[in-house]
Amino acid sequence: MTATAPFTAEDYRARMERAARTAAEAGLAGLLVAPGPDMVWLTGYAPTAETERLTLLVLTPGDDPVLVVPALEAPDAEKAAGAPALTLRDWTDGKDPYAATAALLDPRGRFGVSDNTWSLHLLALQKALPATAYAALTEALPMLRAVKDAAELELMAAAGAAADAAFEEIRAVRFAGRRESEVGADLARLLREHGHQQVDFTIVGSGPNGANPHHEMGERVIEDGDMVVLDFGGLKDGYGSDTTRTVHVGEPTEEERRVHDIVREAQEAGFRAVRPGAACQDVDRAARAVIADAGYGERFIHRTGHGIGVTTHEPPYMIEGEQQALVPGMCFSVEPGIYLPGRFGVRIEDIVTVTEDGGRRLNRTTREMVIVR
């Protein structure tokens with residue numbers, strides 16, 4: 001299977017060259033990339049199934065990229081958009097793929113390894129090359145995929161617009177008297193109807209369930225007077241969407257409206273803190289200050305945001321202590337919330353990209369409270 005994003009072999013060649021160069025600058029002898037989002041981003045190749053047979057992309061500075069792949073999967077790998085930019089080295093059952101891979105590596109090198117590499121494969125490589133060392137890519141090169149180019153930003157914007165279209169339709173359906181799972185199924189269907197090939201999550205947290213930030217959806221029947229947190233997203237053409245809006249069934253109380261307004265103001269403050277050179281933690285601090293000043297600081301119990309791209313959660317993270325500078329092209333969520341246990345929760349989330357002079361929202365639906373029936 002190949003990635004659906006319209007990138008060329010030259011695009012993938014440039015990504016692999018940049019990844020190898022960045023690895024060298026970080027003091028690594030190279031990168032070892034297993035099937036998963038990093039391989040898709042670097043080569044356009046996604047095996048139809050991950051098995052015990054070794055598939056591994058080897059990137060070392062100054063050398064051509066090599067994809068070690070089982071012979072029975074080589075025909076699919078050859079169809080990947082990035083295949084012309086690398087060398088395929090296939091192996092057959094009964095042969096030792098680790099010995100073949102070890103021959104490509106510095107026997108005393110330290111390598112970055114994609115986070116989802118199977119321990120089966122990594123331990124076998126360590127056995128073949130006992131003097132090597134390894135570091136997870138999230139630790140060694142956390143910004144590898146963080147800065148999107150113009151084509152990627154177009155795909156991110158299209159995914160955001162599709163999620164927005166799903167929200168505009170879901171707000172018109174009936175909530176009262178229906179189970180959270182039914183509304184969640186509606187959201188999943190709408191995301192697919194608007195072009196998502198993959199739905200990663202459809203959180204529907206009604207009433208007291210909304211006070212649990214990662215409550216997904218259950219069999220609770222939504223009632224008149226409920227606040228309902230809707231957090232949903234997935235992948236469209238290989239790039240992610242993730243948005244949250246909190247709606248109310250019928251007219252809200254004064255307190256519910258006030259809490260919603262505080263979260264909306266906090267989300268706006270976080271967005272306005274986005275600019276090149278600002279630290280990731282500055283976004284968190286700006287949003288958190290609004291909620292703390294309103295007296296709800298202890299009820300904001302998660303980070304303000306996370307990166308997004310070919311996965312819906314990835315670095316960088318908008319959290320206290322993260323001093324990574326924002327760079328034009330980075331994409332991440334800004335999603336403060338207030339959670340009152342046993343009662344209700346409110347969260348508002350947009351995906352934001354850093355521009356040359358600030359930030360741009362990739363979600364455009366209203367952040368005002370929406371009344372549903």
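The model is predicted. The domain assignment divides the protein into domain 1 (9-140) and domain 2 (150-371). The second largest pocket takes at least three lining residues from each of these domains, and a search of the whole structure finds two cavities of 30 Å³ or more.

**Domain arrangement**

- The centres of domain 1 and domain 2, taken over C-alpha atoms, are separated by 35 Å.
- Contact between the domains involves four residues of domain 1 and five residues of domain 2.
- Between them, domain 1 and domain 2 bury about 320 Å², and carbon and sulfur atoms account for 67% of this area.

**Second largest pocket**

- This pocket holds about 260 Å³ of space.
- Its lining consists of 16 residues, and those nearest the centre are Asp 38, Asp 115, Thr 138, Arg 145 and Pro 315.
- Two or more lining residues come from each of α2 (37-43), α6 (137-140) and β11 (314-318).
- Strand β11 supplies the largest share of the lining, namely three residues.
- Sorted by class, the lining of the second largest pocket comprises eight nonpolar, four polar and four charged residues.
- Domain 1 (9-140) and domain 2 (150-371) each contribute at least three residues to this lining.

- Pro 315 and Pro 316 are joined by a cis peptide bond, with omega at about 5 degrees.
- Pro 316 is placed in strand β11, and Pro 315 is among the residues nearest the centre of the second largest pocket.
- Most peptide bonds are trans, and most residues other than glycine have a negative phi.

**Backbone at Asp 237**

- Asp 237 is not a glycine, yet its phi is positive, at about 50 degrees.
- The loop that contains Asp 237 runs between β8 (227-236) and β9 (239-249).

**Cavities**

- The largest cavity contains about 110 Å³ of space.
- Thirteen residues line the largest cavity, and Pro 35, Glu 50, Thr 51, Arg 53 and Thr 55 lie nearest its centre.
- The lining of the largest cavity is made up of five nonpolar, five polar and three charged residues.
- The second largest cavity has a volume of about 40 Å³.
- Residues lining the second largest cavity include Phe 167, Arg 245, Thr 246, Val 247, His 260, Ile 348 and Glu 368.
- Strand β9 gives the most to the lining of the second largest cavity, contributing three residues.
- The classes represented in the lining of the second largest cavity are four nonpolar, three polar and three charged residues.

**Leu 190**

- Leu 190 is located in helix α8 (residues 180-193).
- With a relative accessible area of 2%, Leu 190 is buried, since the class requires a value under 20%.
- Apart from neighbours within four places in sequence, the residues in contact with Leu 190 are Ala 166, Glu 169 and Ile 170.
- Leu 190 and Arg 272 stand 82 residues apart in sequence, and their C-alpha atoms are 30 Å apart in space.

Terms used. Residues numbered from 1 in each chain as written. Predicted model: local features only at pLDDT ≥ 70, side-chain atom pairs only at ≥ 80, totals over all residues. Heavy atoms only, no water. 1 Å grid on protein atoms, 1.4 Å probe; cavity = no way out; pocket = protein on both sides within 12 Å on 5 of 7 lines; lining within 4 Å. Points joined across faces, edges and corners; volume = space filled by probe spheres on them. Helix = DSSP H or I, 4+ residues; strand = E, 2+ residues; numbered from the N terminus. Nonpolar A, V, L, I, M, F, W, Y, C, P; charged D, E, K, R; others polar. Domains from an automatic or database assignment. Buried < 20%, exposed > 50% of the residue type's maximum accessible area, 1.4 Å probe, protein only. Contact = heavy atoms within 4.5 Å. Buried area = accessible area lost by both parts, 1.4 Å probe.
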